[in-house]
Amino acid sequence: MAEQQAFHPGVSLAGAVDLEALKHQVKAEPGQAGGAPAAGGYVIDTTENTFQAMVQTSATFPILLFLWVPTDDRLFAMARALGDVANKLNGQIQLSRIDIASNPSIAQAFQIQGAPALFALIGGRPMPILQGLPSDEELQQITDVVVPKLIAAAQQAGVTGTAPYSGDPDSDAANSASAGSVQDQVPPEHQEAYMLAQQGDYAGAAAAYEKVLEADPNDTRAARERAKALLLARSANADVRVVRAAAADKPDDVDAQLAVADIDMIGGQIQDAFDRLLDFVAAGHKADIEPVRQRLLEYFTIPEPTDERLKRARRRLATLMY
């Protein structure tokens with residue numbers, strides 16, 4: 001939304017006691033009678049331990065960040081509305097809920113003073129949407145207008161993946177998902193790898209997905225998730241400025257070019273990553289074509305098979321090899 005809304009904090013992070021918040025505090029846990037809606041479907045709860053992993057996944061699908069307090073009943077309607085719209089979109093966007101009372105460092109990172117606050121996250125880049133309790137009309141505008149625009153913006157940026165279906169299928173949020181959502185559940189054989197990735201252990205996730213592929217080499221989902229895990233294991237914590245400077249300083253160094261291509265992929269700049277490596281080979285570095293080919297084959301499993309950028313890159317790679 002273009003304007004910041006009036007701020008009505010449910011929880012103060014500045015040390016003052018919010019008496020109004022105390023009046024609305026409930027003891028029931030999310031999903032229990034009288035409590036907030038539970039996570040499930042395409043709604044996840046994120047903590048300080050899983051925050052970085054969640055940010056990295058925004059390179060493959062857009063995320064709504066809902067900073068809230070799950071014991072404040074004034075926020076329940078907003079949580080339910082956001083969860084419903086995320087689930088009805090079947091993975092086009094994920095809702096990540098963050099309890100700022102239990103995870104104050106995240107609230108401080110976003111420079112908010114209280115709950116609720118809503119941000120979008122695309123390719124690791126946060127965009128403020130709203131702070132404070134919205135009116136019914138404002139909340140409907142978010143679900144009906146803002147969210148579709150965010151998905152369209154993500155697609156234009158090359159962030160076109162689908163969020164994984166997760167959580168308790170009997171939860172309030174998951175029950176609002178359409179029947180077609182069942183097919184997007186994490187397969188049992190993927191569970192270990194998926195959990196490792198959610199915990200930020202990308203190298204472990206890649207190894208686990210490799211075992212899945214050994215059992216079924218045609219598992220395209222495992223191949224895609226393995227490629228993303230390898231990408232994040234290599235470069236999730238890289239200093240972007242250092243990597244880009246090294247690539248500029250060493251235009252003939254294949255490792256430097258591979259590293260900056262990783263940064264492009266993580267940021268959703270798929271075309272830039274493809275072009276960088278293909279241009280590198282075309283510029284007279286045929287001797288380095290094998291590591292470039294291997295990295296591109298890894299990248300090629302990430303976009304949808306119908307992606308025109310993928311088709312063009314495959315054709316160009318084939319031409320450069322012969």
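Angles under 35 degrees count as roughly parallel, over 145 as roughly antiparallel, 65 to 115 as roughly perpendicular and the rest as oblique. Axes are lines fitted to C-alpha atoms, for helices over the stretch in contact, and angles run from 0 to 180 degrees between N-to-C directions.

This is a predicted model, in which local features need pLDDT of at least 70, side-chain atom pairs count only at pLDDT 80 or more, and totals for chains, interfaces and linings use all residues. Residues are numbered from 1 along each chain as its sequence is written, and side-chain values use heavy atoms, with hydrogens and water left out.

**Exercise 1.** Describe how helices α13 and α14 lie relative to each other.

*Solution.* Start with the general idea: two packed helices are described by the angle between their axes and the distance between the axes. Next, take the values: the axes of α13 (residues 289-300) and α14 (residues 308-321) come within 11 Å and cross at roughly 160 degrees. The two helices are therefore roughly antiparallel to each other.

Now look at who takes part, with contact meaning heavy atoms within 4.5 Å. From α13 come Ile289, Arg293, Leu296 and Phe300, while α14 brings Leu310, Ala313, Arg314, Leu317, Leu320 and Met321.

**Exercise 2.** Is Asp264 buried or exposed, and which side chain does the Asp264 side chain join in a polar contact?

*Solution.* First, locate the residue: Asp264 is in helix α11 (residues 254-266). Helices here are DSSP runs (H or I, at least four residues), as are strands (E, at least two), numbered from the N terminus. Then check the surface, where buried means under 20% relative accessible area, exposed over 50%, and partly exposed in between (1.4 Å probe, protein chains only). Asp264 has 2% relative accessibility, so Asp264 counts as buried. Finally, find the partner: the side chains of Asp264 and Arg244 are joined by a polar contact of 2.8 Å. Such a contact is a pair of N or O atoms within 3.5 Å; within protein, one must be able to donate a hydrogen and the other to accept it, and residues adjacent in sequence count only if both atoms are side-chain atoms.

**Exercise 3.** Work out where Asp72 lies and which side chain the Asp72 side chain contacts.

*Solution.* Asp72 sits in the loop between β2 (63-68) and α3 (76-88). With 2% relative accessibility, Asp72 counts as buried. The Asp72 side chain makes a polar contact with the side chain of Arg74 (2.8 Å).
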